[in-house]
Amino acid sequence: MGMKSLNVISWHYQTPERRALKRNRLGPPDVYPQDVKQEEDNLGADRLKKGYQVAVTSYEHESIVYNVKMPRLDRLDDTMLRGAQLVMQIMAKKMELNANLDKERKRAGSVITKDSTGSGGNGIGGGPQIHFQQFSHNAEKAKKSKERNDWFTDLAHSKPLAVLARKPPFFRKKEDALEYLCDYKVPVNRALWFLKLIAVSGQGCTSNVNKQKKSTSDQLASELASLFTKYVKLMLNQMSDSAKLESNIVYTDRWPHFVYICKHAYEDGMVDKQEFLMDLLDIFNDRFVQPIENRQNDKTSIHPFLHHGSGLASASSTNQSHYVTLLRLFLLFICQYTDQITQNIVLSKRCAFLVCHRLELYRDEAEEREGRSVDCVELFDDMQQCIHQRAIILTLCGMLYAILIDCPAALIWNKYEVSPGRPPTMLHQLCGSPLDHLPCPLESLPLPPGHGTERLQEFIQLRLAEVRRRSRACENKWSLNYAQKKGFAAMVLQCLEIVGVLDAARLDQPNCIEKIYAVIFNGPSKESFEHEHAIRVKMLLQWAVTIEREGTHRAILVAQLLAFRINHRKTFKFGSLTLQEILLEFLVTEGPNPESTDRNRFSQEFANLMLLFIELQRAGVFSHDLYMKELIRTGEMLEYIPLMQKIRKRKEDKQKQHRQLSNTVAFSSTFVSQPSETTAALLTGAVTTPPPLVTMPSELPDEHPYLFKDLSVHERLLIHLPIPQSAEYRSECNQRSLLLYGIGAERDAVKLELRRLARELAKLWQKRIVVEFSFNKPLEIRFKKRTTREQLQESMAKFRSCTYYDQLVLCGWCCESFIQMVQDFVDGHSCVLPTAEGLDIILEMCELAQNIAGIMELAEELLPLLVLIERVLLERRVDCVPSNISAQLGYVLTAYISHNYYYFLYSQNAPNIVHGLYRVIESQLKSSDSCLTGWGRTIAVFVLDAKKQLIETGLCNRKIEAKRELLKRVIPPWKPAHNTGDRNPCGGQRYAYNASTFKELLEEPKRIFSFNEYRRLHAVIDGTDDARYSFVVSALLAAVRGIGNTGGNDSTGIGGGSAAVERVTGDRLVELANICGHVSAQAAQVEKYLDWCGALQALCCSSLQGGTSAFPDLLMEINVEDSTCHYNIATFYMLLAGRSCFSINALVHQLLHTALKSLLNCGIG
């Protein structure tokens, strides 16, 4: 049954408003046709007097019964007799014409049958002889048939189309035209021209369905789609009725050529795509997705064949072979449109249902043959081994995987139910989920072996998890309000509008907050449905918490929106509820719940919730004090019974029950036999697989306590919810401690334990990883590192195991100790400074605690001290690169601020931070003679972009002192370097490579450079093109070597000794990237750019350049076909980009126009 009557709108359908206006064609000329001798030319006196009068036939305007002189009823019988004679004459003529047409059809059918059942091989070339339909019954018709053959012969060759269009052949049935196109092998472009010709000429019968509702082009596309599907059915019937399929002209010639024409007509837009794909699915359902008993009663269908476990085809009947062959042909035909099917949910859901039902039928047929239950995985594996069934099972599974990946919404469960026999059949196929009919788990279906299968399996697992989660959400939360359908629809539309506005918000545009507020809150005060304002607030909160979106800016954006709404309306009321009541209701009903989601999702959403409530408190729209009072009023919390005491009592009761249960289990387990050693070995053993090329570190599990235990929502929030550690929130902090620990020793013990952990963490940047300055003669700078990676991880693990509130407290104390240490150095009370590693630890702690505001506050307070550090070092005449120490610390701050860029943009600290960063690098930018480091160059790029966006968005209300001309001078050129000029000294010609020039520098990297040594290094770099070429090659070779012996120890100073220690690959690449960043930045000061982009281009095009590479020494040392070096090169270039050694735009542009273009031209990939 066709699905056209369901009126499913095609995604290609254009509304009348979007169609171009049609031109009105001119009608026939307004001139009456003239004859040689016509009556009006006789101009006599009477004619001139009366004028020209048209002769009127008497019976034209008179009735045959009434307007006569005889009585009316007397002539009634005579009139009826004359009318019956006229009708009989018409019927006789019609029967004569139908008889001639039947003879013509029978003759055509006999020709096809004779050709299908004939022996074949009598034609030219030994192939089946082609017989065309004969339309002639006399000499005149035979002549027309010959003309038609000659016309198609000319069409298949190169005769001009303008000549052929003068006298096109006429077809009563358009299927005959398709046969001629296939038989004569007409080229596809000329075949499409012919189909358009017969379409516009109005040949053949046209459908009257929706003719008045469709335009001419839509009607022609619909007719052509019906023609194609009708011809597909015809060819399938002809092939299934054939005795010998290999000699059937439809199988050998017509089907392949028709598939080719059909695909091009589809892509050309000649067919109605929605209708065509629906009809193809109808054919798939009617012919190939039917139970065995239905196919036995259907003469056009045939039995499938598959012997479970044998993997061999049965030759019991010809129809069995035909069924599998036709199914394979049809699947290969329809799978060409899989990418189009996945663009429509209805089509995808139907296709997935049919595929799953076909796989289910395979299982049922196998069980009926075997008389027992069959393992589907084993069944499908056997089908893969069968040469006839392999293409079928892989195509079916491939289509299902494509729908899962590209249109997962088609597999989501819905609650609707329609009986299978109720017409139309498509309704049943759209109910529930197609996966309900799958005989085995989807991940158990076979995948074709090859490269990327493991990655595809991971992606399939992610999509399956999404489908299951959305199906559960559909089942649990979405329910139609039948009593108020209109209000429910309005609520859904409002929610979608809010999410759309938040997702599409341009945060780098001016007045972003005001624009979002105007859409969400600036409507009429009267609610259009119940609790409209509360639902709007909840959508904001849900958008800020969910892991379906990302970015820490969501929390500050929602907090500022709510604060703007309160300040604008001068009230905390949102409809009938206050904002505090809405927030508490959200926590209970829609907040993160460990019981309804998996652990990973809950951990991430709970962390987002903590960040959101921190920002709500900072914005003054959520009161922790009112929250505690509400919990006490409702009895959720008791002042005289601390919460921790209640939790310990629950834990003791649970352990007591567990011990009793374990004793019972232990008694019963004495009668259970233990597995043998061989069985245990088989169970624990795993198939040895080759190690992966790169092993990425797995994400650390969430170690926060009191997250997944048996706690209520408010108990969990009371334990974890951070409170700003300022004087105005001191009463809230004391109230929290009272409700958690009461008044006693436990409260003081917890605080002492936090103090001890804070001192342990502070030792990392106070004593273990520091920079010591010796201001005595001779002056020395020593970088000391007295800790290992394991010790760092152990200290951070203790921090991870604290609650969010405790982490916020620890971050505040650690930031104070870091600032105090720097202040002591500036005041002259200490000769030790913390390093970038220590600052990195503190900032990582702030991110783990969701204390993003703490990062901004630390940056604002630390940056002025960094400027004073350089002033102290200059006064003491320390021999190091100016601004090296402060720029390195500023670089770490810049990295974390960039990671939370939009949060930074909307924070109050942004202007001061930008100004402070500029002051840190100002001395490096003043002149071309100054020493610019890679860290300073990266800070300059950040300051330039941040200043521009702060001014454009209007978020800065004061002037930022950052000279644009100085900042732009050090930015890498965004255009790709060319082979001429000094901007690309390594790309135009061959240069001499000296491996020993930078060997010592790259093998023994120094943390802190002497000023004079730094100047000598850059004198070498700036001197010749050969030196810059040698540096690029040497740096890349050092990065590819990975693990190596490098110079350095835990106490290395300028001029000090060094010992050989082994560095891991990651640390080694970071050190190399730091050196390359310094060299690239200093070379940019004098407009001498290192060609990092050209080096990567040479590696990517090594197999295409032949002997013309600009980096021959690089290609001689690096074998790019060895995939083990790819990770080091990719990581090294990522680190170089992070230090602004080159422009990413220039690199991408250069690779697109060289490497990728060359690969495409060579047919690779």
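The chain folds into 48 helices and eight strands, as seen in a predicted model. Of its 1165 residues, 45% count as buried, and the chain exposes about 62,900 Å², of which carbon and sulfur atoms supply 53%. Among contacts with a separation of 6 or more, 74% are accounted for by residues 24 or more positions apart.

**Salt bridges**

- The count of salt bridges in the chain comes to 39, and one of them joins the side chains of Glu175 and Lys230, with an N to O distance of 3.0 Å.
- Glu175 belongs to helix α5 (residues 174–183) and Lys230 to helix α7 (residues 216–240), so this pair ties together parts that are 55 residues apart in sequence.
- Arg470 itself counts as partly exposed, at 32% relative accessibility.

- Gln494, which lies in helix α18 (residues 485–503), is buried with a relative accessible area of 17%.
- Not counting residues up to four places away in sequence, Gln494 touches Phe529, Glu532 and Arg536.
- Glu532 and Arg536 also form a salt bridge with each other, their closest N and O atoms being 2.9 Å apart, and both residues are buried.
- Because Glu532 and Arg536 are four residues apart in helix α20 (residues 532–545), about one helical turn separates them.

**Positive surface patch**

- Lys751, Arg755, Arg759, Lys763 and Lys767 gather on the surface in a patch of positive charge.
- Lys767, one of these residues, is placed in helix α29 (residues 745–768) and is exposed, with a relative accessible area of 54%.

**Around Tyr993**

- Tyr993 is placed in the loop between α38 (964–968) and α39 (999–1003), where this residue is partly exposed with a relative accessible area of 25%.
- Leaving aside neighbours within four places in sequence, Tyr993 is in contact with Tyr1029, Ser1030, Val1033, Ser1034, Leu1037 and Asp1113.
- Although Tyr993 and Val1033 are 40 residues apart in sequence, their C-alpha atoms are 7.9 Å apart in space.

How values were computed
Residues numbered from 1 in each chain as written. Predicted model: local features only at pLDDT ≥ 70, side-chain atom pairs only at ≥ 80, totals over all residues. Heavy atoms only, no water. Patch = residues over 30% accessible without salt bridge, like charges linked within 9 Å, V, L, I, M, F, W, Y side chains within 5 Å. Areas by Shrake-Rupley, 256 points an atom, 1.4 Å probe, with all protein chains shown as cover. Salt bridge = Lys/Arg side-chain N within 4 Å of Asp/Glu carboxyl O. Lys, Arg positive; Asp, Glu negative; His and termini not counted. Charge placed at Lys NZ, Arg CZ, Asp CG, Glu CD. Helix = DSSP H or I, 4+ residues; strand = E, 2+ residues; numbered from the N terminus. Buried < 20%, exposed > 50% of the residue type's maximum accessible area, 1.4 Å probe, protein only. Contact = heavy atoms within 4.5 Å.
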